[in-house]
Amino acid sequence: FLAFPELRFVAMTDCRAERLKAGKEFVDAHYRNQDCRTYPDFRELLAREDIDATFIAIGNRWHGLASIYAARARKDIYCEKPISLTLREGRILAETCRRYGTVYQAGTQRRSTESYAFARDMVRQGNIGKLKTVEMQVWTGAAIPHEKPTEVPKGWDYNIWLGQTPYHPFVAGRVNNWQYFWDTAEGMLTDMGVHYTDQMQWVLGTDATGPVEFDAKGELPDPKKFMSNTPTTAEAWCTYKDGVKGVIYQRAGFTDRYIRYIGEDGWIQVDDETDAVKAEPASILSLKKSGGLSWANASAHIRNLIECIRSRRQPTCNPEVAHRAISICQAMNLSLRLGRKLKWDPAKEQFDLEAAKRMMWREPRAPWRA
């Protein structure tokens with residue numbers, strides 16, 4: 001963001017004093033002044049009428065709710081993924097942005113990179129034949145050992161840090177590994193999986209809808225030894241109305257992540273770590289131009305946001321698009337937790353099972369309300 005001269009960071013907010021200080025120093029060093037204002041409470045920042053847009057890069061438990069607050073404050077938004085903690089929260093976010101005319105871009109920036117666009121084009125042009133399966137792989141989840149609670153570190157507003165999630169005494173291992181707890185996130189199946197379900201939706205042209213069936217299985221940490229409670233390994237499936245299937249494997253290492261489109265006549269794959277494209281038949285690769293931005297360079301994604309702020313059009317990964325992508329991962333997680341295959345109506349956004357319907361929403365802890 002700092003590389004764009006038409007943008008200027010004027011304020012920073014964080015509920016941890018040391019991070020707030022570091023953020024201010026980073027911004028001030030870039031502009032060579034001391035002008036960046038700081039706010040321990042994000043609501044004070046949102047109250048400033050001179051701020052046009054916000055960049056939200058905090059824990060998953062806060063992405064949806066902070067974006068809803070920002071939209072109501074009439075700020076445009078770039079928010080990191082996953083954009084919501086629950087299915088219902090994602091729908092509330094999309095409707096709130098629509099109501100206030102918010103320009104919102106989700107941080108699923110792979111839509112704005114060359115290798116992923118090439119894979120999309122090859123599938124859509126029929127170079128691998130009729131698409132049958134989308135295979136995705138994320139890395140193995142962590143198991144966090146039990147620890148005893150300690151005092152909240154000086155300079156932390158722990159109430160804001162927890163946000164809408166249930167209260168737990170401060171435990172360093174829990175706080176520093178929030179990705180692996182149901183209350184604050186949903187593990188790698190969601191945290192990384194949404195990058196690939198977003199790609200799957202993009203390639204299939206299903207941004208306004210989604211799969212109709214979900215099934216999943218996985219291994220959870222032993223509660224006697226570990227306090228984390230999201231899967232360490234998993235396999236999750238979804239099926240679209242036309243029969244195309246998506247499968248996410250949570251296995252292997254961090255650098256082994258990929259997405260592969262498998263058709264009747266071949267396949268094409270993007271390795272996420274290296275941005276390399278592989279294909280069968282290999283002749284497909286001769287159609288790819290050299291160079292281009294990888295996912296690690298989000299400049300095209302940010303440029304799309306800036307252009308849309310000016311034109312008031314919707315960005316590439318607007319709230320509806322982003323909500324539909326994360327909904328797939330959230331539904332997979334519910335299937336895994338319930339140990340049941342779930343049928344889903346993407347138009348009504350409703351499950352066939354009452355237990356799953358109840359798990360679409362978690363009552364926020366006061367005073368944090370959507």
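Biologist: What is I268 in contact with, leaving aside its neighbours within four places in sequence?

Modeller: I268 touches F118, A119, M122, V123, I128, I259, R260, Y261, V277, K278, A279 and I284, where contact means heavy atoms within 4.5 Å. The model is predicted, so local features need pLDDT of at least 70 and side-chain atom pairs pLDDT 80 or more, whereas totals for chains, interfaces and linings use all residues. Residues are numbered from 1 along each chain as its sequence is written, and side-chain values use heavy atoms, without hydrogens or water.

Biologist: Which residues touch the most other members in the largest nonpolar core?

Modeller: I259, Y261, I268, M332 and F351 do, in a core of 51 residues. α5 gives the most to this core, with 6 residues. A nonpolar core is a set of buried Ala, Val, Leu, Ile, Met, Phe, Trp, Tyr and Cys residues joined through side-chain atoms within 4.5 Å; buried means under 20% relative accessible area, exposed over 50% and partly exposed in between, with a 1.4 Å probe and protein chains only. Apart from that core lies another, of 38 residues, among them I160, F170, I326 and C329.

Biologist: Where does α5 lie?

Modeller: Helix α5 (residues 114-124) lies across β6 (131-138), β10 (258-263), β11 and β12, at about 170° to β11. Helices (H or I, at least four residues) and strands (E, at least two) are DSSP runs, numbered from the N terminus. Axes are lines fitted to C-alpha atoms, for helices over the stretch in contact, and angles run from 0 to 180 degrees between N-to-C directions.

Biologist: In what order do the strands of the open sheet with mixed pairing come?

Modeller: The order of its 9 strands is β12-β11-β10-β6-β9-β8-β7-β13-β14; two strands pair if DSSP finds at least two bridges between them. β12 (277-280) and β14 (350-351) each have a single partner strand, so one side of each is left without a neighbour in the sheet. β11 (residues 266-271) pairs with β12 in the antiparallel sense over 4 bridges, and V270 stands opposite V277.

Biologist: And which strands pair with β13 at the other end?

Modeller: β7 (residues 213-219) pairs with β13 in the antiparallel sense over 2 bridges, with E213 opposite K343. Another 2 bridges join β13 to β14, also antiparallel, and W344 has F351 as its bridge partner. In β13 (residues 342-345), L342 and W344 make up the covered face, while K343 and D345 make up the uncovered one.

Biologist: Changing topic to helix packing, at what angle do α5 and α9 cross?

Modeller: Their axes cross at roughly 40° and come within 10 Å. That makes α5 oblique to α9, because angles under 35 degrees count as roughly parallel, over 145 as roughly antiparallel, 65 to 115 as roughly perpendicular and the rest as oblique. The contact is made by Y116, A117, R120, V123 and R124 of α5 and Y196, Q199, W202 and V203 of α9.

Biologist: How does α9 cross α11?

Modeller: α9 and helix α11 (residues 319-338) have axes that come within 8 Å and cross at roughly 120°, and are therefore oblique to each other.

Biologist: What about α4 and α11?

Modeller: The axes of helix α4 (residues 87-100) and α11 cross at roughly 175° and come within 9 Å. That makes α4 roughly antiparallel to α11.

Biologist: Which strands form the open sheet with parallel pairing?

Modeller: Its 3 strands come in the order β3-β4-β5. The edge strands, β3 (53-56) and β5 (104-106), each pair on one side only. β3 and β4 pair over 4 bridges, and T54 has I77 as its bridge partner in β4. Helix α10 (residues 299-311) packs on the sheet, touching β3, β4 and β5, with its direction at about 170° to that of β4.
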